[in-house]
Protein chains: 2
Amino acid sequence: MRIPFDTLRSEFLRILIKLNMHPAKAEQCATIFAENSRDGVYTHGLNRFPVFVELIKEGLIRIDAEPVLENHLGMIEQWNGNYAAGVLNAGHCMQRAIDLAKKNGIGCVAIRDTNHWMRGGTYGWQAAEAGCIGICFTNTIANVPPWGGIDPRLGNNPLIIAVPRKDGHVVLDMAVSQYSFGKLMQYQANNEELPLPGGYDSEGNLSTDPAAIMESKRILPIGFWKGSGLSLMLDLLVTILSQGRSTEKITESKKEAGVSQVFIAIHQPDTEMNHQLIEQILDYAKSSRPEKEGGKISYPGENTLRTRERNIKEGIPVDETIWNKVLSL
Amino acid sequence: MRIPFDTLRSEFLRILIKLNMHPAKAEQCATIFAENSRDGVYTHGLNRFPVFVELIKEGLIRIDAEPVLENHLGMIEQWNGNYAAGVLNAGHCMQRAIDLAKKNGIGCVAIRDTNHWMRGGTYGWQAAEAGCIGICFTNTIANVPPWGGIDPRLGNNPLIIAVPRKDGHVVLDMAVSQYSFGKLMQYQANNEELPLPGGYDSEGNLSTDPAAIMESKRILPIGFWKGSGLSLMLDLLVTILSQGRSTEKITESKKEAGVSQVFIAIHQPDTEMNHQLIEQILDYAKSSRPEKEGGKISYPGENTLRTRERNIKEGIPVDETIWNKVLSL
């Protein structure tokens, strides 16, 4: 079943207004959730919307709260998110970073006590649209064991890097776990093996069985010890730069609320030289002979554009159960 | 065979002076090469020194050249490395980033036409010693295929993130390939399998056989498609920020010279709060039960400190053939 973008967005808007969210904020939230589904990130669009509503009802997301600037050290700003909607706080911080970058070349904004930003790529696209390189990252609840350990003590801490480009921005949006829990559940629901090892089973063997990995809770970080180290560094950076809560503190509170994030923007002059350098790099990557006959090498963000086009034209594919649930909210 | 740090450094110094390098520069180069071996990164210390000398003799590294500031956009500086020694250029750029950060909170310095920086961690430690978060990355010659392709079109582009810490800085120094060519050669020389898949064999199967991987040239990026995307983004960032040469251009010239690099420093106030936040995060990671009885979870940089202490006390282990070669230079 496919639903037009505007229908999806209007439904989200209707529900948020009903929850007494300020109309301008409700508009922004509804747009981001609908865009996430439009771009193919269904897990952080429609599928996550009922959870978002639940958290608002529980008071873990405060619809009346506003982010407040607490400190600035030169070009670095520290904000308190006051548990407002994560998507609004994140959009606000990336905009601040962009404004700083346009004035000074670079801007760095950290925020504490914010909430889940849904799709990190949203803020990468935002920076790129504004003609800036965007780099942002967040911590999360502990869901990945550190290298050499079996208990989850690290988040899957997504890292986003975006570069503005005339014919479609280049946007990397990656969690440091090889697969997310959501992905594992999807493979399990379809009774499929993972295409590549995604973690360890309870005996400590690398496994492609989603159920075995979820049972052991030993999800694999990308590159084994390397992704483990990268996740730890990202937690250190967001926590000390925002003076906020680390993965440990987020995990202690059980609910994934009050996370810490960092947003960096670097202004990019829109020059012919930059255009050429970017195309040169993408063309070179694409000149590698494909592994499979007829295969194609994509740059980060390329598939997003294809999905976006199709979903705008044909409507956004929805899980009917979730869609009906949203209609009833 | 173990050699005292000072002996190693004096030998390097003697040779560089003989090559007519300015004494202050020779001193700095000799120290960095000796420190890399002291810290256990033998591949980019003693073992690489003869290649460094060779490149100086060939004129690919210009010992009389100086980096020159070409442009600055707010807090961002663009330097031309003029093919001077990569270790000197990199140290200079991280120092500029530190100076900018101490004034403005953050500094970002890009350099083009520079040379191999040897161990990227050197500049992470440098930033941390100066009380700054340090982030730096470089491009390299193409040695990793992009995801879905079989011909190398990406560099293994090392990424370094360092956080200053009272009882030993936290320093991640990782290339985006799972194993380096050097590591593969080491396993092959010892007739050992890799502990984890490091690439594909010529039939396209994931492999732990170093010889098979070197034959196919299909080295694995960390996290498969994720590391492939990260490598591409790092090449984009260093190339457009420095207006320098991309992995393609470096590869075309066959010799890995004239690379592009970026150095970011963020000043960190030395507060009790920061100290506590850092210890909290490291302690939490270490609280994961070890996979193996008696195992230990380390933070990035922890093993470096252990190796450093031992090598200072007992001398630095050297490959006798290479050491004798250096003595004869």
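Predicted model: local features only at pLDDT ≥ 70, side-chain atom pairs only at ≥ 80, totals over all residues.
Author: A residue is buried if 20 or more other C-beta atoms, placed from the backbone, lie within 10 Å of its own. Helices (H or I, at least four residues) and strands (E, at least two) are DSSP runs, numbered from the N terminus.

Reader: How are residues and chains labelled, and what pLDDT do local features need?

Author: Residues are numbered from 1 along each chain as its sequence is written, while chains are lettered from A and ligands numbered from 1 in the order in which they are written. Local features need pLDDT of at least 70, side-chain atom pairs count only at pLDDT 80 or more, and totals for chains, interfaces and linings use all residues.

Reader: How far does helix 8 of chain B reach?

Author: Helix 8 of chain B (residues 225–242) reaches 26 Å from its first C-alpha to its last, close to the 26 Å expected at 1.5 Å a residue; the expected span is 1.5 Å times one less than the number of residues. Just after this helix, B:Gln243 takes a positive phi of about 55°.

Reader: Now the interface. How many residues of chain A are in contact with chain B?

Author: 64 residues of chain A are in contact with 64 residues of chain B, contact being C-beta atoms, placed from the backbone, within 7 Å. Helix 8 of chain A gives the most to the side of chain A that touches chain B, with eleven residues.

Reader: Which copies meet through which surface, and why?

Author: The copies meet through the same surface, because 100% of the interface residues of chain A are also interface residues in chain B.

Reader: What rotation superposes chain A on chain B?

Author: A rotation of 180° with 0.0 Å of shift along its axis does so, with RMSD 0.0 Å, by least squares on the C-alpha atoms of residues with pLDDT of at least 70 in both. That is the relation of a two-fold axis. In chain A, the C-alpha of A:Gly223 is nearest the axis, 2.5 Å from it.

Reader: And which residues touch the most other members of the largest nonpolar core?

Author: Of its 196 residues, these are A:Ala97, A:Ala265, B:Ala97 and B:Ala265. Such a core is a set of buried Ala, Val, Leu, Ile, Met, Phe, Trp, Tyr and Cys residues joined through C-beta atoms within 7 Å. Among the residues that A:Ala97 touches are A:Gly107, A:Val109 and A:Phe263.

Methods:
Contact = placed C-beta atoms within 7 Å. Buried ≥ 20, exposed ≤ 12 C-beta atoms within 10 Å, placed from the backbone. Lists of a residue's contacts leave out its neighbours within four places in sequence.
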